[in-house]
Amino acid sequence: MKGWKLVSPNKLDEVELNEVYEGVSKCKVKITKSLLSFSDLLRYNGEIETEQVVLGSAGIGVIVENDANLFGLEKGKRVFIEPNQKCQQCYNCKSGESNCSNLQIAGEDYDGFLRDFCLSSSDKLFLLPDSVSDIDALFISHVSNALAIIDKLRVQKGDYVAILGGNNFSIILAQLLIYYQAVPIMLTIEDQSYTAAKESGVYYVLDKDDNWQREVSIITGGRMAEKVVYITDSYIPSAKAFQLASFNAGVVFTGTSSGKPVQFNQAVKKQLNILCVNDASGYTASSINLLANKAISLAYVTINKGNYRDVPEILKTLNASYENDQLISETIIEMI
Ligand SMILES: [Zn+2]
């Protein structure tokens with residue numbers, strides 16, 4: 001077994017991985033495709049503190065060895081591997097509670113999916129129905145995080161939800177809000193995501209030339225947004241999120257980068273309820289079901305493609321784009 005391991009910032013080595021298949025509620029999976037996300041890039045360039053691990057924040061594959069007692073997880077089945085594990089060390093884990101306070105993330109705390117094979121415990125493997133394509137499956141964590149946000153904001157039919165930031169995740173979130181009969185208002189400074197959001201069926205999309213405060217006031221009949229999602233990976237100042245929120249609104253912060261300062265004066269004045277959501281665990285089965293039912297179309301997201309061999313070169317190029325303040329989209333890596 002081998003994979004691309006991050007050995008120091010901006011340096012990947014291809015390493016041999018000495019995992020041994022032991023059976024006992026585990027499966028060996030041949031990884032067929034993995035996803036390089038914005039988080040992977042920030043791990044690569046050292047902005048996110050990371051263990052020396054194999055990168056790759058999502059992966060799908062085919063079961064090649066299985067424990068005979070695992071119902072349904074048979075050889076040849078296509079699976080998604082949930083990219084997180086409980087730490088088993090924290091108070092919550094030791095007292096048997098479901099929420100780990102130090103959730104371990106694939107590609108950050110332990111080896112991710114830029115490798116040929118992985119061993120996974122059966123509870124992390126989800127069978128993929130034929131109607132969920134490989135590309136759909138690689139975005140399951142995006143859908144899960146969108147579901148967690150909708151849950152935590154208690155979004156109801158007819159609610160206006162302002163989304164600040166235009167990337168693939170915001171387009172997925174907007175589509176899901178429409179599916180749940182809420183009204184997304186997407187605000188973006190990126191031309192590419194403005195067009196993509198419009199084409200995907202989001203009715204209210206504001207770009208950098210619009211007066212956001214005035215437009216949101218008109219759309220909401222003067223109330224302003226009672227629910228706001230601020231994507232920290234966008235180049236929009238967080239003060240904008242507080243500006244568009246109504247008194248006592250719920251404001252979610254989500255995303256992977258956290259380098260920008262946040263001014264809380266307006267949030268305190270308006271007594272906003274600020275929530276931080278970055279939750280891909282617990283929603284995987286629901287996300288697969290939504291994708292199978294075509295609640296979300298990934299036809300409108302921007303996806304790059306590459307091969308396993310070219311991963312170091314791909315990351316170098318992505319990092320150069322990031323340093324030029326360009327929007328970074330996910331790259332699907334074909335494994336060999
Ligand atoms: Zn824990």
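Modeller: Let's go from the whole chain down to single elements.

Modeller: Keep in mind that this is a predicted model.

Colleague: Fine. How many helices and strands does the chain have?

Modeller: The secondary structure comes to 11 helices and 17 strands. The C-alpha trace spans about 60 × 40 × 40 Å along its principal axes.

Colleague: What does the radius of gyration say about the chain?

Modeller: You compare it with what a compact globule of that length would have. For 336 residues that would be near 20 Å, and the chain has 20 Å, so the two agree. Buried residues make up 45% of the 336. Then look at the contacts between residues at least 6 apart in sequence: 68% of these join residues at least 24 apart.

Colleague: On to the strands. Why is β13 described as largely enclosed?

Modeller: Count its buried residues, meaning those with 20 or more other C-beta atoms within 10 Å of their own. In β13 (residues 225–231), 6 of the 7 residues pass, so the rest of the structure largely encloses the strand.

Colleague: Which strands pair with β13?

Modeller: Strand β10 (residues 160–164) runs parallel to β13, joined by 4 bridges, with I163 opposite V229. Strand β14 (residues 245–254) also pairs with β13 in the parallel sense, over 6 bridges; there V228 has V251 as its bridge partner.

Colleague: What sort of unit do β13 and β14 make with helix α8?

Modeller: A right-handed β-α-β unit, with α8 covering residues 239–244.

Colleague: Now the helices. Is α4 mostly covered or mostly open?

Modeller: Mostly covered, since 11 of its 13 residues are buried. The buried ones include I140, V143, L147 and I150. For its length, compare the end-to-end distance with 1.5 Å a residue: α4 (residues 140–152) reaches 18 Å from first C-alpha to last, close to the 18 Å expected. After α4 comes R154, with a positive phi near 50°.

Colleague: And where do the buried residues of α10 lie around its axis?

Modeller: The general idea first: an α-helix has 3.6 residues a turn, so residues three or four places apart point the same way. In α10 (residues 284–292), the buried residues are T284, S287, I288, L290 and L291. Seen down the axis they fall within an arc of 160°, so they line one face of the helix.

Colleague: What do those buried residues pack against?

Modeller: Against β9 (125–127), α3 (134–138) and α4. Just after α10, K294 takes a positive phi of about 60°.

Conventions
Residues numbered from 1 in each chain as written. Predicted model: local features only at pLDDT ≥ 70, side-chain atom pairs only at ≥ 80, totals over all residues. Helix = DSSP H or I, 4+ residues; strand = E, 2+ residues; numbered from the N terminus. Rg over C-alpha atoms; globule rule 2.2 N^0.38 Å. Buried ≥ 20, exposed ≤ 12 C-beta atoms within 10 Å, placed from the backbone. Contact = placed C-beta atoms within 7 Å. Pairing = 2+ DSSP bridges. Right-handed = clockwise from strand over helix to strand, strands pointing away. Expected span 1.5 Å × (residues − 1). Arc of directions from axis to C-beta.
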